[in-house]
Amino acid sequence: RPLFVAHSTPRHLQSAAPHQSSSSDSISTQARATRQQTMAGRLLPLELVDKCIGSRIWVIMKGDKEVVGTLRGFDEYVNMVLDDVTEYVVTARGREKTKLDQILLNGNNVAMMVPGGDPEAPDAQPRK
C-alpha cells in the first residue's frame, strides 16, 4: 500500500475507483456530499496528519515508549515513516534515549500524536 504524501486533497477523501451510475450509487454520492458539507470548516484526523508531513511530530505510544521525528509519510492505518528519530523509553532506571535515522512505526500502537511537540521542551509534562 502506498504511503500518503502531501497534496491538495487528502487521499482518504478521494474515491478509490470510478463509480458506475445507479440509484443506490447516487444515494451514496448524495450522502457523501452531505457529510462533506456538514464537515466543512472542521479538520478531520487524517487531514491533520497529512498537514504534518515534513514537520516534527511527537508520538506517544501505548506502553512506555515515545518517539519524536520528522513525518515523511503515512497510510490509512496511520503507520508512519519518520526520519531523524529520537526514541524515549521509560524504565526503572529513568528515561532512556536512542537516536535512529529512520523508522516505520506501526499505527496500531499509537496512543497520541502531538504535531510540533517535543518531550524535552520546558513545558512538556513527564509521563507517570
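Good morning. Glu 66 counts as buried, because its relative accessibility is 2%. I begin with this residue, and I note at once that the model is a predicted one.

The side chain of Glu 66 meets that of Arg 95 in a salt bridge, at 3.1 Å from N to O. Glu 66 belongs to strand β2 and Arg 95 to strand β4, so the pair ties together parts that are 29 residues apart in sequence. Arg 95 itself is partly exposed, at 41% relative accessibility.

Asp 83 pairs with Arg 72, with the closest N and O atoms 2.7 Å apart. Here strand β3 supplies Asp 83 and strand β2 supplies Arg 72, so parts 11 residues apart in sequence are tied together. Asp 83 is buried at 17%, whereas Arg 72 is partly exposed at 42%.

The other is formed by Arg 56 and Asp 84, with a closest N and O separation of 3.5 Å. It ties strand β1 to strand β3, since Arg 56 lies in the former and Asp 84 in the latter.

Turning to the strands, β3 (residues 80–91) and β4 (residues 94–105) pair in the antiparallel sense over 11 bridges. A hairpin through two residues joins them, and Tyr 88 stands opposite Lys 97 of β4.

Beyond its sequence neighbours within four places, Met 80 contacts residues including Val 59, Leu 71 and Leu 105. Thank you.

Note on methods. Residues numbered from 1 in each chain as written. Predicted model: local features only at pLDDT ≥ 70, side-chain atom pairs only at ≥ 80, totals over all residues. Heavy atoms only, no water. Pairing = 2+ DSSP bridges. Helix = DSSP H or I, 4+ residues; strand = E, 2+ residues; numbered from the N terminus. Contact = heavy atoms within 4.5 Å. Salt bridge = Lys/Arg side-chain N within 4 Å of Asp/Glu carboxyl O. Buried < 20%, exposed > 50% of the residue type's maximum accessible area, 1.4 Å probe, protein only.
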